[in-house]
Amino acid sequence: MNRAEDFDVVVLGGGMTGLALAHHLAEQNAMQPAKQQQTLVIEPRSSYVRDKTWCYWQHESSPFDAAISHRWHRWSVSYGDHTHVGCSRTTPYVRVDSAKYYTIAQQQIAASNSVTLRLGDHASEVCAGPDHVQVTCKASTVQAKQVIDTRPTAIPAGTLLQHFCGWEITTDTDVFDPTTVTLMDFASHPASGDIHFFYVLPFSPRHALVETTHFSLQVANEDRYTQELQSYLQNRFELKQWQIKHREQGVIPMPKQTLDLARRRHANIIPMGLHSDTTKASTGYCYPHAQRQASRHVAALFARQNAQAVPARSKLSRWFDGVFIDFLEQHPELAGEVFLRLFTGVPTDALVRFLSDRARPDDYLRVMTALPKWLFIRLAYQHAVSA
Ligand SMILES: Cc1cc2nc3c(=O)[nH]c(=O)nc-3n(C[C@H](O)[C@H](O)[C@H](O)COP(=O)(O)OP(=O)(O)OC[C@H]3O[C@@H](n4cnc5c(N)ncnc54)[C@H](O)[C@@H]3O)c2cc1C
């Protein structure tokens, strides 16, 4: 039998999180050659194409800023007859083009002599030993001191899901306001137990990504998404025709209790990414948290040279997420009203820090004051008892 190839770090999955890790590992390897971490990234795709639109509030620059294609300083939330427009001069809402992201990462890996991206391969078995982890791939076996696992996993039944379908469309008339993102435009009559809203990223007056988004336990079928998008475009924008340039669809888990990395099964196998603790479960945002976690994780690896797992967020933030998901599960009929209260009642920059896991103590206070007090006290108590 062939001997397993040896690495310091093996990253399973060269998607958004895996490539962010690869970037930081390549950068630190170049800066600190004495502590170099020979790294392998295993990715089943044989090449990359644009597959997703990643948006987030940009608080700081990141290595992938060249992949940002649009920035907005205004966003709206609508429920019933009310629309609230928030704006921030300092923290824009930005859109990352995944094709550019993949290109930037691949170029940097190609320039590195210590990080390898192996495309067209996948990990089928991962076995933890006392001081190394063995990974069986399609055509080879590799071993590493640390494995970072970003592969998707099955979502446990009963988990609240954020599921959505988006069309990037062009139109023949000016219909979109390119200054303002529609973060949430709540549907008037959602099905019971379902939270449903539309999301619009306006690239120009005639070009936008329009998404129908649900928080519910079951994903919808293609016909339902199609019908929702059609009627939104017809009723909200009075459009009769449009051209679909690109489609995207996704399911993001919103668990009440996210994985606690401190209690992971094996010290040397660290789960990260969409199906680990990286996603902020109450919002479904993963991109900014993965960027921060990847950078912190690699910094910790170089500082201590051992397998420490850096959690994506504080215990307080996880607790807030859990209580908010309890609320969404138990009171879907109040979701539109409560989101509108949050956006209206909390100063924009404070709310954006809260949603981005960068809240200061007074931001938490402002958020708590904007929420229906007795309902959230009861939910917080229930959550504490069930945790
Ligand atoms: C359409 C869409 C839009 C989104 N928009 C946003 C957004 O606007 N903002 C935001 O913050 N988040 C967004 N998300 C959520 C999240 O940011 C993305 O899903 C992101 O890609 C998650 O990164 P990841 O690295 O965890 O997963 P992925 O990017 O999916 O990477 C996982 C990788 O694992 C690989 N893999 C699978 N099996 C194996 C195997 N056996 N061995 C090795 N590798 C394997 C896959 O090929 C894949 O490349 C969106 C998600 C979707 C689906």
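**Strand β3, its sheet and the ligand shell**

β3 gives the most to the shell around the ligand, contributing 4 residues, where strands (E, at least two residues) and helices (H or I, at least four) are DSSP runs numbered from the N terminus. This is a predicted model, in which local features need pLDDT of at least 70 and side-chain atom pairs count only at pLDDT 80 or more, while totals for chains, interfaces and linings use all residues. Residues are numbered from 1 along each chain as its sequence is written.

**Ligand shell**

- The ligand is surrounded by 30 residues, the closest being Gly13, Gly15, Thr17, Gly250 and Gly273; a residue is near the molecule if its C-beta atom, placed from the backbone, lies within 6 Å of it.
- At least two shell residues each come from α1 (16-31), β2 (39-43), β3, β16 (243-254) and α4 (287-304).
- By class, the shell holds 15 nonpolar, 10 polar and 5 charged residues, with Ala, Val, Leu, Ile, Met, Phe, Trp, Tyr, Cys and Pro counted as nonpolar, Asp, Glu, Lys and Arg as charged, and the others, Gly among them, as polar.
- Because domain 1 (5-65 + 98-153 + 256-304) and domain 2 (160-254) both give residues to this shell, the ligand lies between them; the domain bounds come from an automatic or database domain assignment.

**The sheet containing β3**

- An open sheet of 3 strands runs in the order β3-β7-β4 with antiparallel pairing, two strands being paired if DSSP finds at least two bridges between them.
- β3 (53-57) and β4 (68-72) stand at the edges with a single partner strand each, so one side of each has no neighbour in the sheet.
- β3 is joined to the antiparallel strand β7 (residues 93-97) by 5 bridges, and threonine 53 has aspartate 97 in β7 as its bridge partner.
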